[in-house]
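Please read the following briefing alongside the sequence and the coordinates.

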Amino acid sequence: MSNYPYGNPAGNYPPPYPIGNSGYPNYPPYSGSQLPPPPIPMYGNNQPFASPYGAAAPYMPGNNNYSTTSYSVNQMPSNLYSYGDGSDYRPPPPSGGQMPSSMLNQPAQQYGGFENLQYQQPYSQETPSSSSGGLYPNLSTPATSPNYAEQGIAPSYQPQHQHQSFYPEQQPSSVLASLEQYQGTVFPASNFNIDADCQALSQAMKGAGTNERALIDIIANRSNAQRQQIKLQYKSMYGVDLIKQIAGELSGNFRETITALFEAPTNFDAWSLNQALNGNKEGTLREILLTRTNSEIRAIVELYRRIYNKDLEKEISNRVRGTDFKRLLVSAIQANRDELSPQQIQQARQMGIESIIDRNRARQDADDLYKAGAGKLGTDEKTFNAIFAQRNYYQLRATFEEYQKKYRQDIAKVIRSEFSGNIRDAYLVLISCIQDRPSFFAERINNAVRGLGTNDSTLIRVIVTRSEIDLAQIKERYQQMYNRSLAQDVRGDTSGDYKRILLSIIK
């Protein structure tokens with residue numbers, strides 16, 4: 001896929017996660033019978049803000065270092081949309097911090113393979129330390145709404161080397177407007193030796209046959225930023241494009257996953273959107289455009305224009321069916337949603353989330369939503385679009401709470417009764433991500449692997465794009481929601497080197 005484009009308890013808010021990667025708010029739906037949430041730990045004045053590309057939480061072998069609360073079966077959401085049904089599910093608070101990014105040279109070493117004891121991994125993964133990060137935590141600079149019917153094999157693609165990759169170091173930096181902090185499963189390798197990695201990759205593809213396990217050991221244990229360096233250095237050392245060489249050596253979903261890992265996140269997102277628009281995959285459009293930050297969407301729009309010489313807004317307007325769904329996506333790519341400033345983030349950490357909420361606006365928005373939906377004959381779709389597309393996630397949560405208090409109805413139930421089809425699913429995706437984003441992606445993966453066949457493109461995309469963001473929490477939610485591990489389901493639905501590379505990412 002070359003150049004693919006990839007406080008305190010005030011206001012009944014649960015505490016933000018105390019670990020690495022920032023994301024979107026996690027909270028349960030309002031219930032008058034809920035106990036107040038535990039206090040949020042206070043942050044000192046020297047606590048760093050949530051940077052969008054900071055590092056994730058400390059790595060522990062197997063990534064089983066999360067403190068989880070026991071949940072009964074009836075507390076767990078049975079599906080993505082169950083959050084709107086008054087469930088008292090409350091996500092477990094994990095722990096963590098940030099990782100430094102030292103890169104010390106070491107001599108070339110022999111690389112090993114997945115589940116093979118005779119091999120040894122060349123480098124250990126970096127141990128993170130404690131500041132919060134952003135959507136792509138291991139990138140030093142910036143950089144998917146369920147169409148649950150989407151099925152099929154991940155599409156192959158032709159590398160587009162005539163376009164310059166939008167590498168992470170080229171992307172603009174901004175502060176992520178969120179307090180929640182998550183952790184991925186992939187971190188930068190400590191003692192990163194780029195020459196040794198390039199030599200090992202070349203050796204693995206030398207002569208007849210390919211040492212796939214050596215490729216997996218290197219690629220699955222490097223951060224995206226490190227893979228970008230490897231890709232550039234490989235071409236400098238050998239005069240060969242690494243992605244083209246890999247594409248010639250591998251095939252199928254294994255090749256798709258490897259090449260996806262070698263692309264910068266924005267490249268992958270732009271490529272995925274292009275595939276979705278050409279294939280009428282509305283679920284992918286919702287998954288990407290409704291879960292990314294303003295800065296990420298701006299980067300995607302710009303890169304889409306550079307790679308495909310097309311305007312993404314025009315593409316959506318011409319190709320997407322459904323007026324209301326189209327309008328919400330067009331609103332999303334304006335990248336104009338209200339996001340918290342660094343000062344607001346610090347204030348919320350010191351004084352509580354309620355200190356940054358406009359309760360009067362929340363009550364007014366709740367009244368407007370009622371008048372536009374349940375309070376009238378028919379539906380004023382424009383009012384729903386304006387509120388859902390512009391307010392920040394904390395403000396929307398407060399609006400949902402005020403709606404529940406005054407009109408005794410959950411906002412998700414309102415959406416189901418007022419809308420249908422793609423626009424209904426789009427609003428439910430936004431609600432689900434506001435309530436608990438990792439659970440949304442856990443549901444997305446489950447829908448990709450359950451039943452007959454596997455939606456490999458969705459499975460690859462979610463695991464790869466979340467691997468440095470919140471895959472650790474996605475694993476936890478998956479276990480809680482389906483009473484089996486994510487690795488167990490992936491192992492049962494995939495095979496061969498494709499299975500090995502996914503399990504190496506999941507850990």
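Helices (H or I, at least four residues) and strands (E, at least two) are DSSP runs, numbered from the N terminus. This is a predicted model, in which local features need pLDDT of at least 70 and side-chain atom pairs count only at pLDDT 80 or more, while totals for chains, interfaces and linings use all residues. Residues are numbered from 1 along each chain as its sequence is written, and side-chain values use heavy atoms, with hydrogens and water left out.

**Chain overview**

- The secondary structure of the chain consists of 20 helices and two strands.
- Of the 507 residues in the chain, 60% are buried, where buried means under 20% relative accessible area, exposed means over 50%, and partly exposed lies in between (1.4 Å probe, protein chains only).
- The chain exposes about 18800 Å², of which carbon and sulfur atoms supply 47%; accessible areas come from the Shrake-Rupley method with a 1.4 Å probe, and for residues only the protein chains shown count as cover.
- Helix H17, which spans residues 456-466, is mostly covered, with 11 of its 11 residues buried; among them are Asp456, Arg461 and Arg466.

**Salt bridges**

- The structure holds 26 salt bridges, each defined as a side-chain nitrogen of Lys or Arg within 4 Å of a carboxyl oxygen of Asp or Glu.
- One of the pairs is formed by the side chains of Arg321 and Glu282, at 3.2 Å from N to O, and this pair links distant parts of the chain, with Arg321 in the loop between helix H9 (312-319) and helix H10 (323-332) and Glu282 in helix H7 (residues 282-289), 39 residues apart.
- Within that pair, Arg321 counts as exposed at 53% relative accessibility, whereas Glu282 is buried, with a relative accessible area of 9%.
- Arg391 and Asp365 also meet through their side chains in a salt bridge, at 2.6 Å from N to O; Arg391 lies in the loop between helix H13 (381-390) and helix H14 (393-407) and Asp365 in helix H12 (residues 359-372), so the pair ties together parts that are 26 residues apart in sequence.
- Arg391 is buried, with a relative accessible area of 15%, and Asp365 likewise counts as buried, at 3% relative accessibility.
- Arg397 forms a salt bridge with Glu401, the closest N and O atoms being 3.4 Å apart; both residues lie in helix H14, four residues apart, or about one turn of the helix, and both are buried.
- Salt bridges that share partners join Glu354, Arg359, Arg363, Arg397, Glu401, Glu402 and Lys405 into one network.

**Packing of H12 and H14**

- H12 and H14 pack at an angle of about 60°, with their axes 8 Å apart, the axes being lines fitted to C-alpha atoms, for helices over the stretch in contact, and angles running from 0 to 180 degrees between N-to-C directions.
- The two helices are therefore oblique to each other, given that angles under 35 degrees count as roughly parallel, over 145 as roughly antiparallel, 65 to 115 as roughly perpendicular and the rest as oblique.
- The residues that meet across this packing include Arg359, Arg363 and Asp365 in H12, and Glu401, Glu402 and Lys405 in H14, where contact means heavy atoms within 4.5 Å.

**Surroundings of Ala332**

- Ala332 is located in helix H10 and counts as buried at 16% relative accessibility.
- Leaving aside residues up to four places away in sequence, Ala332 touches Leu289, Leu290 and Ile297.
- The C-alpha atoms of Ala332 and Arg286 are separated by 9.8 Å, although these residues are 46 residues apart along the chain.
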